[in-house]
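Hi,

Here is the structure I said I would pass on.

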Amino acid sequence: GALTDTGASYTVLAPTNAAFAAALQESGMTKAQLFANKPLLTKILTYHVIKGNTPVYQKHVKPGNYTMMSNDTLVITPQGKLMDEMGRTTNIVKTDIAASNGVVHVIDRVLMPR
């Protein structure tokens, strides 16, 4: 429901399937346990959407702090890596995938807010 505003344009950082599998293993949770914990699932998923109504394409990405839809902060390092609030770094593996209401960038790790 968070991405249903028809007038908005989103920037989504979408982890690969392998990234989700690794996150479950890292957390010690099963997929069923994660899906049953709606507040945690919502916080993690909204931490993968940059807040704002203008899509952020690769050419617009600059090092610094970005506020996510979850109201948490994501850092883009000078090397172009993403650093979540847990201090873990993530790579962008595919950029600028057009969507009907924004842009998607594929990442190789699930971002974790505090």
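Before that, a word on the ground rules. This is a predicted model, so to speak: local features need pLDDT of at least 70, side-chain atom pairs count only at pLDDT 80 or more, and totals for chains, interfaces and linings use all residues. Residues are numbered from 1 along each chain as its sequence is written, and side-chain values use heavy atoms, with hydrogens and water left out.

Salt bridges

The count comes to four salt bridges, taking a salt bridge as a side-chain nitrogen of Lys or Arg within 4 Å of a carboxyl oxygen of Asp or Glu. One of them pairs Glu-26 with Arg-88, with 3.2 Å between the closest N and O atoms. That pair links distant parts of the chain, 62 residues apart: Glu-26 sits in helix H1 (residues 17-27), and Arg-88 in the loop between S5 and strand S6 (89-90). (Helices are DSSP runs of H or I with at least four residues, strands are runs of E with at least two, and both are numbered from the N terminus.)

Are the two partners buried or exposed? Glu-26 is partly exposed, with a relative accessible area of 49%, while Arg-88 is buried at 11%. The cut-offs here are under 20% relative accessible area for buried, over 50% for exposed and partly exposed in between, using a 1.4 Å probe and protein chains only.

Arg-88 also forms a salt bridge with Asp-84, where the closest N and O atoms are 2.5 Å apart. Asp-84 is buried, with a relative accessible area of 4%. Salt bridges that share partners join Glu-26, Asp-84, Arg-88 and Arg-109 into one network.

Elsewhere, Asp-72 and Lys-43 meet through their side chains in a salt bridge of 2.8 Å, N to O. This pair also links distant parts of the chain, 29 residues apart, with Asp-72 in the loop between strand S3 (64-67) and S4, and Lys-43 in helix H3 (residues 38-46). Asp-72 is buried at 10%, and Lys-43 is partly exposed at 29%.

Strands

Four strands make an open sheet with mixed pairing, in the order S2-S1-S8-S7. Strand S2 (49-50) and strand S7 (92-99) are at the edges with a single partner strand each, so one side of each has no neighbour in the sheet. Strands count as paired if DSSP finds at least two bridges between them. S1 (residues 10-15) and S8 (residues 102-107) run parallel and are joined by six bridges, and Val-12 has Val-104 in S8 as its bridge partner.

S3 and S4 run antiparallel, with four bridges between them, and Asn-65 stands opposite Val-75 in S4. Their hairpin has five residues between the strands, and there Asn-71 takes a positive phi near 70 degrees.

Lys-81

Lys-81 is in the loop between strand S4 (73-76) and strand S5 (82-83), and is partly exposed at 30% relative accessibility. What does Lys-81 touch, leaving aside its neighbours within four places in sequence? It is in contact (heavy atoms within 4.5 Å) with Val-75, Ile-76, Thr-89, Thr-90 and Asn-91. The side chains of Lys-81 and Asn-91 are joined by a polar contact of 2.6 Å. A polar contact is a pair of N or O atoms within 3.5 Å; within protein, one must be able to donate a hydrogen and the other to accept it, and residues adjacent in sequence count only if both atoms are side-chain atoms.

Cheers
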